[in-house]
Structure formats: C-alpha cells, structure tokens
Amino acid sequence: MGPIRARWQPEVLAAGLPRDGAGLYTLARMSAFREQLSARGVTQADRRWYFVPYDQLTDAVGPLSRANPREVGIVLVECPAKASRRPYHKQKLALVLTSLRHFALEQAERGVAVTHLVDQSYAAALLRVRELGPIGVMRPAERELRAELAPLVASGLLEVLPNEGWLTTTDDFEAAAGDKVWRMDAFYRHVRRRLGILMDEGKPAGGKFSFDADNRKPWRGAPPPPAVPTFTVDAITQEVCDLIKSSMGDHPGTLVPDQLPATREDVERAWAWASSSCLPHFGPFEDAMSSRSTNLFHTRIAPLLNLQRLSVHRVVRDVLAMNLPLASQEGFVRQVLGWREFVRHVHEATDGFRVVRGEAQPCKEVEGSDLDGGSLISFLGASRALPPAYWGTRSGLRCLDEVVSGVWQEGTSHHITRLMVLSNIATLLDVAPRELTDWFWAAYVDAYDWVVEPNVLAMGTFAAGDLMTTKPYVAGAAYINRMSDFCHNCRFDPKTTCPLTPLYWAFLGRHRASLATVDRMKLPMASEAKRTAAQRASDAATFDRVSEALSRGNELSAP
Ligand SMILES: Cc1cc2nc3c(=O)[nH]c(=O)nc-3n(C[C@H](O)[C@H](O)[C@H](O)COP(=O)(O)OP(=O)(O)OC[C@H]3O[C@@H](n4cnc5c(N)ncnc54)[C@H](O)[C@@H]3O)c2cc1C
Ligand code: SF4
C-alpha cells in the first residue's frame, strides 16, 4: 500500500479542523434504502419517540426491547460533518452507515416508526423534529456526542435514560477503585464476584481469577488460523459503499464491501464464526503476532459490540455456556467483562482525561468548533509528531510496516500489535500521545472516544502515568522477536542491529526521573543504570538518527 494522500497527513490531524468540504449528501444517493424504508409503510402517528445514536443499534436492551413496536418511533441521524471530523477509515464509515440503515429497516419491519434524517449535526437534526418531543435517548457512550446534545438535554427536548448496553455500573468501578490508582484486576475480581461469573462456591473457577500467565504462547504456524468470514453485499451496503467512494473517497483505507457484517444474519454469522473458529484457541495465542495472519484467533467482534449490533450481555452468556478450555473462556471474559467495561469507566471518571486526579488537563483547541480536540495529557512530556510511517510511508522496520499496512487494508489489528508494535514504537520515539490517539481513532473500525482514549492515552503511551496501568508497555526487539515472526525477514537483526533495542534503552535513560517513581519500572531502571556512558551515548545517537529519519519519512537502512 502506498502512503495515504497528503490531505490526511499529520498536520491536518494536528490542527483537528473540522473540514467543511463534506457537504450534505442528498437523499437521491440512498434511493434503495429510502424505497425499502417507505415500502414498510409504517404510520408515524401517536408514538413515543426515541433518538437512537449510531452506536446503539439494538433492540435487545433499552426501551425498544420492552415497548410494543407499534407504539414507538425512532429517530436515526446520519451526520456527514461527523464523518469528516476525522480522517476515518473508509471501512469504518461504511460499517456505521450500513449498520444504521439496516437497523432502520429491521425496526420498520417490526412496526416501529422510523424517521431517518441527514444533517450537519445531530442537534440540528433533532431540532427539525422537535414537534415529536420530548424524545428519549439512552445515554450516549461517546462523550463527544453527549457534549453535542447537552443543549437539547438542558432545553428538555431530549430526555436521557440509562444506557443498558453495559454489564457493570459506576458503583462497581468505585467499589474497586484505589485511592490514587485504578486497576483492571481489582475491578474484574469485584464484578466476577458480584455477578457470580465463573465462580464456584465463592471461589474463582479453576482456582484463580486470571489465566493470563498461561496465555502468552507465540504462534509458530499451528493450529491454522481460520479465514476471516465474508458477507453478501446487498443493495443497501452497495449504496453505502458507492456513497463513501463518491462523497468520502479522500478518506484513507481500503473499502472491502464483503467484509461488512451489515444485516442481522451477518452479525449472527460473524459471532458464530468467532465462537466456533476463534474462541477454542483464543487464550493461548492471545499475545502472539504473525505476518502470516493479521488476526490469528481474535474474534473481530469489537466493531459490532461497540455499535451494539452484537449484545455484550449475549456474548458473555454464550461464552459461559460454551464448552471451552478454561484459559480461553476466562481470557475472553476478562477482555469483555474486565477491560472493555473498565476502560469506559476510566473515561467517564476522568471526563475523557480532561481531569486526572483532580487536576484539569490542557486540551487541544479546535478552531471554529465548540468541541475541543481532546486531552493533551502526557506524563512523560512527549510531544513529537507521529512519523509518516503510520500513514503508510515505509519505515524499514518490518514489524511497523506490516502492521500499518494491515491496518489501512482492514481497519483493524489485534490487541498486541496495537500495544507492542504501534504504541510501543510511538512511545519509544516520544510521539505526542494525542497525535497517536487521533491516529488510532481515525484508523480503526472499532474506535470511539470512550474506548480509544483510555487504551492509547493510559495504556498505550503511559500518558496518564500509573493511573490505569502499572507501567509503560515498552519493549525492545527481544519481545517482538519472541512473540512474532516479523523479525525473520526484516533487514535488521533483532539481536544485533535492530534499532528498537537501543531506542528502548534511550527511552529509559531520557525518562529516568519520571520512571523512577514507577514501582514496576524498578528492575528495568536498575538495568539501565548499569549501562556504560558509551552505551548511553550510542543509544541516544540511535534515537536522534531514527527519529530524524522517520520524521522526514525516510526509510531506515541496515548498517
Ligand atoms: C493502543 C490500543 C488501542 C485500542 N483501541 C481500541 C478501540 O479503539 N476500540 C476497541 O474496541 N478496542 C480498542 N483496543 C482494545 C483491543 O485491542 C480491541 O478491543 C481488540 O483488539 C478488538 O479486536 P477483537 O474484537 O478481535 O478482540 P478480541 O481479542 O477477540 O477480544 C474480545 C473483545 O474484548 C474486548 N476488549 C479486549 N481488550 C479491550 C480493551 N483494552 N479495551 C476495550 N475492549 C477490549 C473487545 O470488545 C474485544 O472485541 C485498543 C487497545 C490498544 C492497546
Ligand atoms: S528486527 Fe526489529 S524492526 Fe525488524 S521486525 Fe524485528 S523488532 Fe521489528
């Protein structure tokens, strides 16, 4: 894949300017959808109305799960300005739009009245239908949407209801919270006990809460990973893809229409594939990486969970009923019940890292917009620009180039490549955490503020210090070599010439003062202290050389 087009290069992201060129697309560009919707012939009169945001596409929970379909109506909004606020991957735009339109048709089929609008803001759209009010809405998961809707809530037009799409409560989070730090393990143990999940007479099934230590096997080719499923492209999805190509064609990433699980049946197939083909091997290879499979045994359900096309309640229920090895079953439950829920509480509790431990953090200003561009928190004071390599310019580091290319091809990559390749390398290079977060937010199909910000700011870059994780996740070439096959055909030798190892030492050396306060860094810092002056000078020179070359978009060559 070649580099991404210039208009989406980092300076555009750094400015964070909402672009105004996106224009409203006309209803004529969605004729198949409009025809199918009006063919359902549902009357609009005498209904209780709900606004359903793009990421609450469910009737498994909330008012739609209880009300008589013939007594309720829903308002669905497509917002081109939101789509153009960031250089979102085309595949993400397509998944959101086709899921929303299919949800509209499914609800009309049940007899729910559907008002579908296209407008430059969600608030403007809802004001157009104010005569339906007051309109109910489950509390939006994204802070960005909550901020946009706040004036309508204050005016009484919108009535906010609890979001039933979560498994845990604020009380759960607070019950497990420490004085100064929040730890996923404590939260997870608390909710396992409270909900009685994988518990055996008050004790954790299998004698321990986490089988993480058993789940760190590298993958050497067996068992073979399953092929990623494909789905039939119907007229609605085709229309969405045509719209993306014509109106949003300058967004980055490859659009792959047959990898969009759009209908209810597609979502069922996606989950059936994940359950039967991925979960049996999920645990042991959770941390493995390979150039032969971008996915290995990961489930790819995050985009569907985050849109609520797939219910998290159902997923956990199903997994508990499956006959799976305990390490895989527990490993998966920990991701969904533990990490996923935990990060959204952290996001809420910090107002998206705008207030951390009682201290207000600076935010990125966005000219011409009421919304800020997110927290600029950085525990390590990292402020360098994200190298063009993240936009597809080759760096010569095979691990980075392979993962980046896969992300722009698929709109996703699994947890360890996100953490130990993309975040690790950016952190070693002192890239500004905000820039990396914005990149992840744009590049990944499953990225929304409540999930991408904690994962990148708190976990990936240690920007929030030890608030949510015990240490920065940084490593040299030895880790990548142990857990992947990327090094086999790299121009660098992981044991001798790979720059990541000196970059790791240089990172520890540069941030000695800050990292000395972090308990779990004591051992690595003790090793760093033993490096000779000559080694340190050489590490620092590697940092200067590599960051200079990558910031210019130059490919690194082997010595
Ligand atoms: C730097 C970084 C950025 C990330 N950005 C996102 C993001 O924008 N959106 C997102 O949904 N996840 C994000 N994650 C978490 C995790 O990487 C993805 O949820 C996972 O890779 C999605 O692929 P999958 O569905 O195949 O997951 P699997 O490996 O099959 O895991 C199952 C499910 O567990 C949940 N999960 C696991 N870990 C986390 C976590 N840390 N946070 C939230 N959910 C988790 C997801 O819902 C996932 O679908 C990020 C992680 C890191 C380290
Ligand atoms: S040798 Fe270094 S740069 Fe190359 S793949 Fe391995 S860790 Fe990455």
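Predicted model: local features only at pLDDT ≥ 70, side-chain atom pairs only at ≥ 80, totals over all residues.
Strands β4 (residues 135-138) and β5 (residues 158-161) run parallel and pair over four bridges. Strands count as paired when DSSP finds at least two bridges between them. Helices here are DSSP runs of H or I with at least four residues, strands are runs of E with at least two, and both are numbered from the N terminus. One contact in this pair joins Gly136 to its bridge partner in β5, Glu159.

Residues are numbered from 1 along each chain as its sequence is written, and chains are lettered from A and ligands numbered from 1 in the order in which they are written.

Now the whole protein. It holds 23 helices and nine strands. Its radius of gyration is 24 Å, close to the 24 Å that the globule rule gives for 559 residues, so the protein is as compact as a globular protein of that length. That radius is taken over C-alpha atoms, and the rule is 2.2 Å times the number of residues to the power 0.38. The C-alpha trace spans about 80 × 60 × 50 Å along its principal axes.

Next, ligand 1. Around it stand 27 residues, of which His298, Thr299, Ala302, Gln335 and Ala447 come nearest. A residue is near a molecule if its C-beta atom, placed from the backbone, lies within 6 Å of it. Two or more shell residues come from each of α12 (302-306), α14 (326-349), α16 (415-428) and α18 (449-460). Helix α18 gives the largest share, six residues. Domain 2 (170-224 + 261-349) and domain 3 (365-551) each contribute at least three residues to this shell. Those bounds come from an automatic or database domain assignment. The shell has 14 nonpolar, nine polar and four charged residues. Ala, Val, Leu, Ile, Met, Phe, Trp, Tyr, Cys and Pro count as nonpolar, Asp, Glu, Lys and Arg as charged, and the others, Gly among them, as polar.

Ligand 2 has 13 residues around it, and the closest are Leu397, Cys399, Cys487, Cys490 and Cys498. Helices α15 (398-410) and α19 (477-483) each supply at least two shell residues. The largest share, three residues, belongs to α19. By class, the shell around ligand 2 has 11 nonpolar, one polar and one charged residues.
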